[in-house]
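Hello,

I am passing on the structure we talked about. The sequence and the coordinates come first, and my notes on them follow.

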Amino acid sequence: MEARMGNPAFVVPGAMQALQALGKSVHDAGLPAGLLDLVYTRASQINGCGVCLEMHARDMKKNGESDERLWTLAGWRDAPYFTDEERAALALTEAVTRLADRPEAVSDEVWSEAADHFDEKQLGALVMAIASINVWNRLNAATRQVAGAWKP
């Protein structure tokens, strides 16, 4: 497998800096890193982004994430390993990632559940995190970036 081109974030002047600034603002908003990794990995599973899946699963393992949680993330609704807060974030991640899959992109039920667990700043950061990983997934998928080609 070969990439169609270099990652657009590296090719377009200023793009990488802008995406890194977005990432830093999300990180600085106070959401737990482990929660963000769950969100990033789940969205990347939905979008089929091998580069992001590898990177975030690697980060999760490095940070002590259990195998059970990694193995069952795609089926989080049926697995006992996730907190109510994580479940709310994962439901929001799926809704925001799959905007066109239902008449109401993000239902009031999904939004309210997330709002029960996160304050406004955290909720804003969570939506920004989901948007950010979807940007990365789309850049990588469109240009066929290759998992394993990038190592931290």
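The protein exposes about 8,300 Å², and 56% of that area comes from carbon and sulfur atoms. Please keep in mind that this is a predicted model.

Overall fold

The protein has eight helices and zero strands. From the N terminus on, the elements run α-α-α-α-α-α-α-α. The radius of gyration is 15 Å, close to the 15 Å that the globule rule gives for 152 residues, so the protein is as compact as a globular protein of that length. Along the principal axes, the C-alpha atoms fill a box of roughly 40 × 30 × 30 Å.

Of the 152 residues, 39% count as buried. Among contacts with a separation of 6 or more, 65% are between residues 24 or more positions apart.

On charge, there are 15 positive and 21 negative side chains in the protein. The centres of these two sets lie 9 Å apart.

Individual residues

Met 16 sits in helix 2, which covers residues 15–27. Its relative accessibility is 16%; the cut-off for buried is under 20%, so Met 16 counts as buried. Leaving aside residues up to four places away in sequence, Met 16 touches Ala 9, Phe 10 and Trp 136.

Glu 65 lies in the loop between helix 4 (50–62) and helix 5 (67–72). Is this residue, Glu 65, buried or exposed? With a relative accessible area of 14%, Glu 65 is buried. The side chain of Glu 65 is joined to that of Arg 69 by a polar contact of 2.3 Å. Not counting residues up to four places away in sequence, Glu 65 touches Met 60 and Leu 70.

Arg 144 is in the segment after helix 8 (120–142). Arg 144 is not a glycine, yet it has a positive phi of about 55 degrees. Most residues other than glycine have a negative phi. At 43% relative accessibility, Arg 144 counts as partly exposed, because that class runs between the 20% limit for buried and the 50% limit for exposed.

If you open the model, the places to look at are Met 16 in helix 2, the loop that holds Glu 65 and the segment after helix 8 with Arg 144.

Regards

How values were computed:
Residues numbered from 1 in each chain as written. Predicted model: local features only at pLDDT ≥ 70, side-chain atom pairs only at ≥ 80, totals over all residues. Heavy atoms only, no water. Helix = DSSP H or I, 4+ residues; strand = E, 2+ residues; numbered from the N terminus. Rg over C-alpha atoms; globule rule 2.2 N^0.38 Å. Buried < 20%, exposed > 50% of the residue type's maximum accessible area, 1.4 Å probe, protein only. Contact = heavy atoms within 4.5 Å. Areas by Shrake-Rupley, 256 points an atom, 1.4 Å probe, with all protein chains shown as cover. Lys, Arg positive; Asp, Glu negative; His and termini not counted. Charge placed at Lys NZ, Arg CZ, Asp CG, Glu CD. Polar contact = N/O pair within 3.5 Å; in protein donor to acceptor, adjacent residues only side chain to side chain.
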